[in-house]
Amino acid sequence: MSHILLLSSKARQHIREQCLWYRENLEDGVSLANRWTRTLDSALHQLCQHPERHPPASPEDQVLPGRQLRRMLFRPWNSGRGWKVLFCADEGARTVTVLYIRHESRPPLEDDEP
């Protein structure tokens, strides 16, 4: 049974910012932004099927006391770095809440970020 996907305002902001970056900085940016978004949608659908398959988000797992923060690595391209999708799963409510979508080159979350 799948979970319901919820996106935090931060996650929505990260998606908008990434799409905007593609559009503004790359020659084929609109096409790449659309492809990135479609691939992310597919990855998030898979995440909702089996969130338990993804490991705790280390070192970010200490940022949200009382909640288990997990991470899914999202690599839409055949080469290069990808993104960390940081999420919490609630088995009782059957929800997956995506809190952040961060490029792998960014430093880990800090205690004051959530």
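Q: Which residue of strand E4 stands opposite cysteine 88?
A: Threonine 97 in E4 stands opposite cysteine 88. The model is a predicted one, in which local features need pLDDT of at least 70, side-chain atom pairs count only at pLDDT 80 or more, and totals for chains, interfaces and linings use all residues. Residues are numbered from 1 along each chain as its sequence is written, and side-chain values use heavy atoms, with hydrogens and water left out.

Q: What lies between E3 and E4 in their hairpin?
A: Four residues lie between them, and arginine 94 in the turn has a positive phi of about 55°.

Q: What joins strand E2 to E3?
A: Five bridges join E2 (residues 70-74) to E3, and the two run antiparallel. Arginine 70 is opposite phenylalanine 87 in E3, and leucine 73 is opposite lysine 84 in E3.

Q: In what order do the strands form the sheet?
A: The order is E1-E4-E3-E2, in an open sheet of four strands with mixed pairing. E1 and E2 are the edge strands, as each pairs on one side only.

Q: Why is E3 called largely enclosed?
A: Buried means under 20% relative accessible area, exposed over 50%, and partly exposed in between (1.4 Å probe, protein chains only). Six of the eight residues of E3 (residues 83-90) are buried, so the rest of the structure largely encloses this strand.

Q: Why is cysteine 19 called buried?
A: Its relative accessible area is 7%, and the limit is under 20%, so the word applies. Cysteine 48 is also buried, at 5%.

Q: How many disulfides does the search find?
A: The search of the whole structure finds zero. A disulfide would be a pair of cysteine sulfur atoms within 2.5 Å.

Q: What span should helix H2 have, and what are its end C-alpha atoms apart?
A: The expected span is 1.5 Å times one less than the number of residues. For the 21 residues of H2 (residues 29-49) this gives 30 Å, and the end C-alpha atoms are 30 Å apart, so the two agree.

Methods: Two strands pair if DSSP finds at least two bridges between them.
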